[in-house]
Amino acid sequence: MTDFIKVENLVFDYIKSEDESTFRAIDDVSFTVEKGSFTAIIGQNGSGKSTLAKNINGLLVPTAGKIYVDGLDSADPENIWEVRQRVAMVFQNPDNQIVSSVVEDDVAFGPENMGVDPKEIRKRVDEALKSVEMYEFRRKAPHLLSGGQKQRIAIVRALAMQPKVMLFDEPTSGLDFRHMEQTAALLSSLTVSYTHLTL
């Protein structure tokens with residue numbers, strides 16, 4: 001296997017708006033994630049896991065150190081589009097990721113923004129929904145779904161973009177035990193096709 005994500009001496013400071021002082025969320029972290037692997041990073045709330053995820057997919061820029069995704073420097077503005085196409089992120093709260101009033105439109109949102117051909121989008125949406133057993137809900141309103149179903153739709157949105165890395169930020173947080181088990185099984189089933197980083 002080869003390293004797909006490489007984090008070198010990563011430092012990230014948040015700047016407090018009121019007095020412009022800084023708070024260090026990540027301090028000199030280094031690790032690699034191999035292509036095709038399933039990697040979990042654990043820690044208490046507030047330990048910097050979400051901040052790390054946002055640095056990896058280019059939502060945040062390191063204060064110091066480097067992150068390489070498939071050989072691309074995530075801090076280089078010229079690489080941002082490529083990095084975000086390679087790394088799909090599923091956030092902790094699926095409600096914060098819903099952008100449409102119809103499930104299939106929500107799943108199509110990412111590929112549409114990438115400029116994918118409409119026929120290909122239709123194919124991706126249908127295949128992704130079927131892969132997580134949510135095809136029958138394609139014309140439903142997302143707000144009518146259960147928490148576990150919403151999380152599946154969030155995962156489907158990521159799948160439809162056909163990334164190389166699936167990045168999950170506490171994907172089972174807030175779910176009941178049954179939906180937690182279902183989501184965990186789904187994440188395990190994706191490992192064969194994707195490099196997988198769960199925080």
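**Starting at Val61**

Author: Val61 is partly exposed, with a relative accessible area of 47%; buried means under 20%, exposed over 50% and partly exposed in between, using a 1.4 Å probe and protein chains only. This is a predicted model, where local features need pLDDT of at least 70, side-chain atom pairs count only at pLDDT 80 or more, and totals for chains, interfaces and linings use all residues. Residues are numbered from 1 along each chain as its sequence is written, and side-chain values use heavy atoms, with hydrogens and water left out.

Reader: Thanks! Where does Val61 lie?
Author: Val61 sits in the loop between α1 (49-56) and β4 (64-69). Helices (H or I, at least four residues) and strands (E, at least two) are DSSP runs, numbered from the N terminus.

Reader: And which residues is Val61 in contact with?
Author: Leaving aside neighbours within four places in sequence, Val61 is in contact with Phe12, Asn55 and Ala75. Contact means heavy atoms within 4.5 Å. As for Pro77, 16 residues apart from Val61 along the chain, the two C-alpha atoms are separated by 9.6 Å.

Reader: Zooming out, how many helices and strands does the protein have?
Author: There are six helices and eight strands, and along the sequence they follow the pattern β-β-β-α-β-β-α-β-α-α-α-β-α-β. Of the 199 residues, 47% count as buried.

Reader: Let's talk helices. At what angle do α3 and α5 pack?
Author: Helix α3 (residues 103-113) and helix α5 (residues 147-160) pack at about 35 degrees, with their axes 7 Å apart. Axes are lines fitted to C-alpha atoms, for helices over the stretch in contact, and angles run from 0 to 180 degrees between N-to-C directions.

Reader: Which residues meet there?
Author: From α3 come Val103, Asp106, Val107, Phe109 and Pro111, and they meet Ile153, Val156, Arg157 and Ala160 in α5. By class, that contact has seven nonpolar, no polar and two charged residues. Ala, Val, Leu, Ile, Met, Phe, Trp, Tyr, Cys and Pro count as nonpolar, Asp, Glu, Lys and Arg as charged, and the others, Gly among them, as polar.

Reader: What about α3 and α4, how do their axes cross?
Author: The axes of α3 and helix α4 (residues 118-131) come within 9 Å and cross at roughly 125 degrees, so the two helices are oblique to each other. Angles under 35 degrees count as roughly parallel, over 145 as roughly antiparallel, 65 to 115 as roughly perpendicular and the rest as oblique.
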